[in-house]
Amino acid sequence: MYIALFVLLLIALFSMVFCHFRRKKIICRIRNMEKCEKCSLVEELAHPFGYVYHCCCGFFSSTVDAWQKDAGYTWAYDYLAPRFQMVFDSLPVYFNYRDRTWLIEFWKGQYGINAGGEIGIYHSDRLLSETEYRTAHFEAANEEEMLSCTLQLFLDNGAFVKISQRHWWLTAFLPGVFSRPSELCLKATVCFRNREMMEAFFRGLCRAGYSPEWVTVQNLSLSFTFHHPGKVHYGFLTRFHRRLSQCLNRMYCRLFLWVTRPFTCTEDRILFLYYYIPFCFRKLMRLRRFHRHCHRKHGCRRPKCCRKCRPARRRAARGAGSTAHACRNDASCGNSGNCSCRNDAPCGGSGNHSCRNDASCGSSGNCSCRNDVPCGSSGNCSCRNDAPGASSVDCSGGNTIRDARFRRRRKS
């Protein structure tokens, strides 16, 4: 018996020493990486899950070709969400337009260890009655039906993020930030194709309980603020799951910040989690956990095989003839390739520019991060998304929004 206990103690001691040196090695590895290299790696890791990482502001948003588009929307998703640690307030707006019932829904709340907001655009294949809203399945808007949207998400500590893009599902998720849905404020702007569609949506918004005085209309753009939802009566089990999920979310957020405490920037925390505890990283990225067979179009069925998908996509990208420039230190980028890093000259091409160290972003490419804005500053960071001129991103509070929030909670 004593021999077995001694062997167990030796195994435990060896495991502790191994984990300690492994952790130190991972920390040194991340600290030795360039910022543009970190941002490119996080974007590559997030893409199989249907998200893109905005390095300038430290949050995730959904891609236009995300796998969630095939799933569409049904009311059961919102009903089952608290069972999957997703606690949010929702505002569904139904309206009829050209022989189909459309749904534009707005969400804000807690998604696991991520605080975030969403704008989703869906439609049915026919006109629906009000009794069919909760049983019907809505398809996501296709490329011709997508609308230009702007999402501004305000936290109760004054920090906010803003993203604008022509999309079917515009999102913003802040990793490591805990917030109650009532503490978040979502300001949404939707630009419609014509006045007929805008007026139909306006009538649906009024039916959802919004007064016309709370809505701002300018040309074909309609804006309003979603802060306090209307009267929603949850059942006993739903209330229980919401409270239990919020307790777990708070605990997981604090655990995430404690495990990744050697770092302050979001991309550093995410990479540390990826190298140190990979299964927790996969859990972090499954923001919407329905339809787990999400990678069928990439040739696999589970998120574990994302590593197998990436080499195939790299080979496909090479076959398409894309040129990758690892780093440019002197000349301006004048081609249409992928310029991973720029150290001095202004961005003059139409490619994908992952990092900028000094000059302002003056191109129509994807400028993922700006090294002239210090991490954690309170200035405005701006970047461009995948398609030229397709989106813009702004934030206030930088990459340490979640740290400031938890420091303030500890003091209180």
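In this predicted model, Arg100 and Glu145 form a salt bridge, with 2.8 Å between the closest N and O atoms; the term covers a side-chain nitrogen of Lys or Arg within 4 Å of a carboxyl oxygen of Asp or Glu. Arg100 sits in the loop between E3 and E4, and Glu145 in the loop between strand E6 (139–140) and strand E7 (147–154), so the pair ties together parts that are 45 residues apart in sequence. Glu145 is buried at 8% relative accessible area, whereas Arg100, at 24%, is partly exposed (buried, under 20%; exposed, over 50%; partly exposed, in between; 1.4 Å probe, protein chains only).

The structure holds eight salt bridges. One of them joins Arg98 to Glu196 at 3.8 Å. Here the loop between strand E3 (86–96) and strand E4 (101–111) meets helix H4 (residues 195–207), so parts 98 residues apart in sequence are tied together. Arg98 is exposed at 54%, and Glu196 is partly exposed at 44%. Asp89, Lys108 and Arg242 are linked in a network of salt bridges.

Turning to the whole chain, it has nine helices and 19 strands, taken as DSSP runs (helices, H or I, at least four residues; strands, E, at least two) and numbered from the N terminus. Of the 412 residues, 51% are buried.

As for conventions, residues are numbered from 1 along each chain as its sequence is written, and side-chain values use heavy atoms, leaving out hydrogens and water. The model being predicted, local features need pLDDT of at least 70 and side-chain atom pairs count only at pLDDT 80 or more, while totals for chains, interfaces and linings use all residues.
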